[in-house]
Structure formats: C-alpha cells, structure tokens
Amino acid sequence: MNFQHTEDRRMLADTLNRFVSEQYGFETRDRIAGSAEGFSADLWNRFAELGIIGALFDEAHGGFGGGGFDIAVVFESLGRGLVVEPFLDTLIVGQAIARSGNETQQTLLGGMIDGSRIVALAHGEPDSHYELSQVKTRAQRNGGTWRLNGAKAVVQHGERASLFLVSARTDGAVDAEEGISLFLVPGDAAGISVRGYRKIDGGRAAEVSFDNVTLGDDALLGAYGEGFATLEYAIGCGVLALCAEAVGAMDVAKDYTLEYLRTRKQFGVPIGSFQALQHRMADMLLEIEQARSAVINAAAALGGERAVRERAISAAKYTIGRVGALVAEECIQLHGGIGMTWELPMAHYAKRLVMIDHQLGDEDHHLERFIAIGHG
C-alpha cells in the first residue's frame with residue numbers, strides 16, 4: 001500500500017501549517033484558550049475560508065476530502081499549534097449526520113463546513129467510563145413527540161453550540177448497544193441547561209442537562225434504536241483525529257527539546273553533547289515514529305470493515321496514550337525546571353498530550369477494547 005500523501009493533501013498540510021505558524025502563535029493560542037469563549041470565532045471562520053473544515057468531509061456532502069488520511073493531515077497540523085477551535089466535534093457530529101442523516105438533516109452540513117454553525121457531541125455521561133453503549137439519558141415517546149431527559153458530561157464548547165448531537169436510550173438495558181437512538185437537538189431548546197468551565201489544557205467544555213426537552217420526529221438521526229453503529233463510526237473518526245493531533249504535538253515538543261539541548265550549556269558545552277541525554281532523545285524519537293505508524297495504520301483502516309477499523313483505531317489510541325505520556329515526561333525532564341513554567345510553550349504541549357489520552361477513551365480502555373474486538 002502506498003502511504004505517500006497525494007499532492008492535494010500535501011498542499012493542504014502546507015497551507016494549514018503555514019497559517020497556524022503565522023496566525024496562531026503561542027501567545028495568540030494562549031489568549032484564545034483562556035478566553036471566556038474558549039475559541040476564536042474569527043479564526044474559526046478563517047479556517048473555514050481556507051477549506052480546512054471542508055477537508056473533513058467528502059464531495060457528496062459538500063467537502064473535498066473526508067478520508068482517514070485527510071482527517072489525519074488536518075489534525076496533525078492542528079496539533080502542532082494546539083488549536084482549540086471546535087474541529088473535533090464538528091468532525092464527529094458531521095460524520096454522524098453524513099452517515100445516517102436524511103436529506104433535510106444533511107443540509108446542516110453546509111453551515112458546519114462554512115463555519116457558521118457550531119455543533120457539539122453530547123454523549124459521555126458522568127459514570128459512563130468511556131463505554132460507548134453506557135447511556136442512561138432517556139428519550140420517550142409522548143404523543144407525537146419525544147421527551148428527552150438526562151445529563152451529559154464534558155461537552156466540548158457546549159456553551160456556544162447551536163446544535164447538539166445527543167445519544168439517548170429509547171429501549172433496552174443501560175449498557176446495551178441495541179436501543180440507543182441519536183437526536184439532533186437545538187442548543188436553545190426549552191429544558192436545556194448548560195454549565196460551562198475552563199478545561200485544564202485550554203478551551204472550554206460544559207455539563208449539559210436535559211429536562212423534558214420536547215423534540216419532533218425530525219430530530220431523530222437515523223433509525224430508532226439503531227444509533228450505536230453510527231456513534232461508533234463517528235467517534236472512531238474522532239479518535240483517529242485525536243491520535244493525529246497528538247503526533248503533531250509530539251513533533252513540536254521534540255523540536256523544542258532538541259533546540260534546548262543544543263543551546264543550554266553546562267560545564268561549558270551544550271548538554272546535548274552528553275551521551276545519556278542523546279540516548280534518551282533517540283529512544284523518544286523511535287517511540288514517536290511508532291506512534292506515527294499507528295496513526296497511519298488507523299487512517300488506512302478507517303474505510304474498512306468494522307472489526308479491522310475499530311482494532312486499528314484502538315491500537316492507535318493505546319499507542320498514543322503510552323507514547324504521549326512518555327514524550328510529555330521526557331521533554332519536561334530534559335528541559336529541567338524551566339519546562340514546567342507556564343510561560344514556556346513546552347508545558348502546554350505536555351499537558352495537551354496527557355489530556356488527549358483521556359479523551360474518547362484512555363490507554364487502558366482501548367487496550368481492553370482491542371482485545372475484546374479481537375475475540376469477538
């Protein structure tokens with residue numbers, strides 16, 4: 001198999017890397033990440049104008065990419081700048097709509113691609129422990145409408161979302177794959193309450209609760225009680241994106257550390273000349289390439305059959321969790337005390353790498369999942 005990027009993907013990566021480098025420097029990113037909004041609406045629109053959001057969707061749905069390698073290219077570049085704009089949930093919600101939405105629902109993709117509609121995935125719950133099928137939020141028929149009740153945790157950019165993709169149980173046990181339905185819920189619907197907060201690695205998230213939210217049948221995405229497969233695929237796209245983002249962040253952390261080792265002197269010589277530190281850097285570089293290979297494998301498997309796809313995705317997330325923690329620790333230690341200072345970008349990259357492990361399933365969860373799918 002040829003893993004070389006196409007000319008279009010190389011141009012996309014060059015354009016995005018240049019934009020992030022010139023317009024999304026560390027001071028800019030730090031200001032945006034700590035703002036009351038949690039992202040920049042202006043920069044979000046500029047990303048859209050560059051076609052970056054469109055690269056996450058195929059031509060049939062208004063984009064010009066949508067494949068595993070398109071997703072990986074975009075998010076690796078975003079990881080290099082620690083970009084906090086709502087790319088991840090736009091990808092997940094958009095892929096769910098593209099996969100299972102009816103003709104009317106798919107018209108929503110246009111507003112997502114042009115940056116005018118902010119969307120958020122409301123799936124995880126306070127005690128779900130990363131399990132996709134663990135859904136307690138319920139939707140029940142009430143005459144000709146649905147009544148939605150429940151609570152969702154860590155909803156990215158939930159305060160700014162004009163549309164939520166909500167998973168709800170319409171039948172079955174709380175941990176069953178069968179009986180999960182997906183709903184598209186307007187952010188301003190009566191009965192929704194949102195409590196926002198800052199995330200430890202920048203940006204904002206929210207706790208979202210639904211109290212007798214009334215929905216029509218047009219809110220149901222896909223078939224009744226059959227939302228799990230759509231959810232699994234869409235979140236799989238999100239896991240791939242996070243893994244690629246981590247590789248981009250690792251590359252920058254590595255480059256910062258190499259530069260520091262070349263310039264920091266001790267006993268009159270650069271500390272990078274010490275053999276023990278060279279060995280540690282060499283080991284770290286090998287681990288980063290291992291992580292990159294896992295992401296390539298997951299990107300190649302995204303369009304394949306379910307078991308192959310999900311094993312590759314979980315293998316990549318497990319590898320990213322392990323290697324991300326290693327890179328964060330090694331880069332901080334090789335910098336010494338200065339590596340922990342808030343003013344130095346290194347600390348922010350280390351923090352983001354650690355937190356990526358906890359998004360959409362951590363290292364332990366995906367190792368267990370990899371084994372379970374293999375035995376299934």
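Helices here are DSSP runs of H or I with at least four residues, numbered from the N terminus. The exercises below concern a predicted model.

**Exercise 1. Find which helix gives the most to the lining of the second largest pocket.**

Step 1. Start with the pocket itself. The second largest pocket has a volume of about 350 Å³, and 18 residues line it. Closest to its centre are His5, Ala72, Val73, Glu76 and Arg292.

Step 2. List the elements that supply at least two lining residues: α1 (7-23), α4 (68-81) and α9 (275-301).

Step 3. Pick the main contributor. Helix α4 gives the most to this lining, with six residues.

Step 4. The lining of the second largest pocket divides into nine nonpolar, three polar and six charged residues.

**Exercise 2. Describe the largest pocket and state which element supplies the largest share of its lining.**

Step 1. The volume of the largest pocket is about 1,000 Å³. Its lining holds 45 residues, and those closest to the centre are Tyr130, His358, Gln359, Leu360 and Gly361.

Step 2. At least two lining residues come from each of α5, β3, α8 (228-263), α10 (306-335), α11 (345-356) and α12 (363-375).

Step 3. The largest share, six residues, comes from α12.

Step 4. By class, 19 residues of this lining are nonpolar, 13 are polar and 13 are charged.

**Exercise 3. Count the cavities of 30 Å³ or more and describe the lining of the largest cavity.**

Step 1. The model has one cavity of 30 Å³ or more. About 260 Å³ of space lies in the largest cavity.

Step 2. The largest cavity is lined by 20 residues. Nearest its centre lie Val83, Val84, Glu85, Lys199 and Arg352.

Step 3. The elements α4, α5 and α8 give two or more residues each to the lining of the largest cavity. Among them, α5 gives the most, with three residues.

Step 4. The lining of the largest cavity has nine nonpolar, four polar and seven charged residues.

**Exercise 4. Classify the ring pair Phe47 and Phe87 as stacked, tilted or edge-to-face, and place its two residues in the chain.**

Step 1. The model has nine aromatic pairs in total. For a pair, the ring centres must lie within 6.5 Å, and planes over 60 degrees apart count as edge-to-face.

Step 2. The ring centres of Phe47 and Phe87 are 5.1 Å apart and the planes stand at 75°, so this pair is edge-to-face.

Step 3. Locate the partners. Phe47 belongs to helix α3 (residues 41-49) and Phe87 to helix α5 (residues 87-100). The two residues are 40 apart, and the pair links distant parts of the chain.

Step 4. Both Phe47 and Phe87 are buried.

Step 5. Widen the view. Phe47 and Phe87 belong to one aromatic cluster together with Phe19, Tyr24, Trp44 and Phe75.

**Exercise 5. Decide whether Trp146 and Phe183 are buried or exposed, and describe the pair they form.**

Step 1. The cut-off for a buried residue is a relative accessible area under 20%.

Step 2. Trp146 has a relative accessible area of 4%, so Trp146 is buried. For Phe183 the value is 0%, so Phe183 is buried.

Step 3. Trp146 and Phe183 form an edge-to-face pair, with 5.3 Å centre to centre and 65° between the planes.

Step 4. Trp146 lies in strand β3 (residues 145-156) and Phe183 in strand β5 (residues 180-186). They are 37 residues apart, and their pair links distant parts of the chain.

**Exercise 6. Which rings have the charged end of Arg99 or the residue Arg311 over them?**

Step 1. The charged end of Arg99 sits over the ring of Tyr233, 4.2 Å from the ring centre.

Step 2. Arg311 lies over the face of Phe370, and the distance to the ring centre is 3.9 Å.

Definitions and conventions. Residues are numbered from 1 along each chain as its sequence is written. This is a predicted model: local features need pLDDT of at least 70, side-chain atom pairs count only at pLDDT 80 or more; totals for chains, interfaces and linings use all residues. Side-chain values use heavy atoms; hydrogens and water are left out. Rings of Phe, Tyr and Trp (its six-membered ring) pair if their centres lie within 6.5 Å; planes under 30 degrees apart count as stacked, over 60 as edge-to-face and the rest as tilted. Buried means under 20% relative accessible area, exposed over 50%, partly exposed in between (1.4 Å probe, protein chains only). A charge sits over a ring if NZ of Lys or CZ of Arg is within 6 Å of the ring centre and within 35 degrees of the ring normal. On a 1 Å grid over the protein atoms alone, a cavity is a set of points where a 1.4 Å probe fits but cannot get out, and a pocket is an open set with protein on both sides within 12 Å along at least five of seven lines; lining residues have an atom within 4 Å of a point. Grid points are joined across faces, edges and corners, and a volume is the space filled by probe spheres set on the points. Ala, Val, Leu, Ile, Met, Phe, Trp, Tyr, Cys and Pro count as nonpolar, Asp, Glu, Lys and Arg as charged, and the others, Gly among them, as polar.
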